[in-house]
Amino acid sequence: VDYNRFLHRFHVGLKVGSVVRSGWADEILQGIFQKLLDCDRTAQELLTIFDRNADGVLTIPELAEAFKLLDVGITAAQVRALFLTFAAHTNTRTEGGLVNTDAIDVSSFISAFVAIAQHQDANHVVRMRAWPKWALDYLRHLGKQLWTHKQGSEVAAAFEACDGNKNGLLEPDEFVQVMRHLEAQCAKVGPIGQPQVRLPLHQLRELADLADFSGEGQVSYLEVLTALQPADTALGGQVRVDLFEQICQTIWLHREALMTALFILDSGRTMRAGPDVITRALEELNRAVGGNVEEEQPLLPFQIEALVSHIQLDEDGQVNYTDFLDSFTIESACENGVFVKTMAL
């Protein structure tokens, strides 16, 4: 049995149609990713879209400018909420070891962006599902080895080294060189005694055609990342618990405590609360679970802000807090990773 797939089968997530929604973010991400993928861009062009001052990190103003350039059409508040979600996914830290909510490493952002796109029904995802089994198995193994052993940077290094004319796009022969390099790298970091995965030359050439999602005869850096990104890895490029899922899990596990806190804060017994009251209840939960030690608290301040920003409020700016707590539930995934069943509790 594939134990990695088994362990990833059950998740604590958001119930479909609940008052906590991130569907707008999914639609935005799918649209942006498709725009980037439809037009082959060099690695440098891709970085420049988001990292305007070329300092290696992405800020909220830069993300807003990139979305404006891509004609996404979202509000400033939505840009901030989306940025906070990416901050949770990429988990960029400062020199002092704290989570940095002001800037995200741009390479980690792009890796997380690709990982999110893998869970959407964008055109490239649909096409990849129809790829030959040998291609999917090969890329799944290679990608998992690279990201499990934190070798994601090897992809960019191999891409740059094999891009002979430095135009930021790979010809079929250059794509073959990249994959041979990555095969060798996986052989170095993989478990001792594990057979090396190595495709015949004719299959690598076929894979180059498959990975050319735009159909322009060349493979871009984004297309290489898309092909190699394991569908069952967490965002940020390594196998770990997704932080946004961790937020959902925390709410689900402490539902009764949160209900008590919200009821106490609801002096009028209206069963309704606004963002400020829900934020306060979550902060009280943090202190109850972890005391005043931030490292022991289950939710960081920016994670609370990201969660609250995704609540769909009624016209009066409030929400029924029972509906809020009911939004978090255990879900079971089918073979292709799509959540198909909500478990009764």
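The protein has 17 helices and nine strands. Both kinds of element are DSSP runs numbered from the N terminus (helices: H or I, at least four residues; strands: E, at least two). The model is predicted: local features need pLDDT of at least 70, side-chain atom pairs count only at pLDDT 80 or more, and totals for chains, interfaces and linings use all residues. Residues are numbered from 1 along each chain as its sequence is written, and side-chain values use heavy atoms, with hydrogens and water left out.

Of the 345 residues in the protein, 48% are buried. Buried means under 20% relative accessible area, exposed means over 50%, and partly exposed lies in between (1.4 Å probe, protein chains only). Among contacts (heavy atoms within 4.5 Å) with a separation of 6 or more, 69% join residues 24 or more positions apart.

Helix H11 spans residues 201-211, and its buried residues are Gln203, Leu204, Leu207, Ala208, Leu210 and Ala211. Seen down the axis of H11, these buried residues fall within an arc of 160 degrees, so they line one face of the helix. The arc is that of the directions from the helix axis to the C-beta atoms. His202 and Asp209 are exposed on the other side of H11.

Helix H13 (residues 243-253) contains Gln249. Gln249 is partly exposed, at 36% relative accessible area.

The structure holds zero disulfides (pairs of cysteine sulfur atoms within 2.5 Å). Cys162 is buried, with 11% relative accessibility. Cys248 is also buried, at 2%.

Aromatic rings were then examined. One aromatic pair is found in the whole structure. Phe324 and Phe328 form this edge-to-face pair, at 5.5 Å centre to centre and 85 degrees between the planes. Rings of Phe, Tyr and Trp (its six-membered ring) pair if their centres lie within 6.5 Å; planes under 30 degrees apart count as stacked, over 60 as edge-to-face and the rest as tilted. Phe324 is buried at 2% relative accessible area, and Phe328 is buried at 4%.

Arg269 lies over the face of Phe263, 4.2 Å from the ring centre. A charge sits over a ring if NZ of Lys or CZ of Arg is within 6 Å of the ring centre and within 35 degrees of the ring normal.
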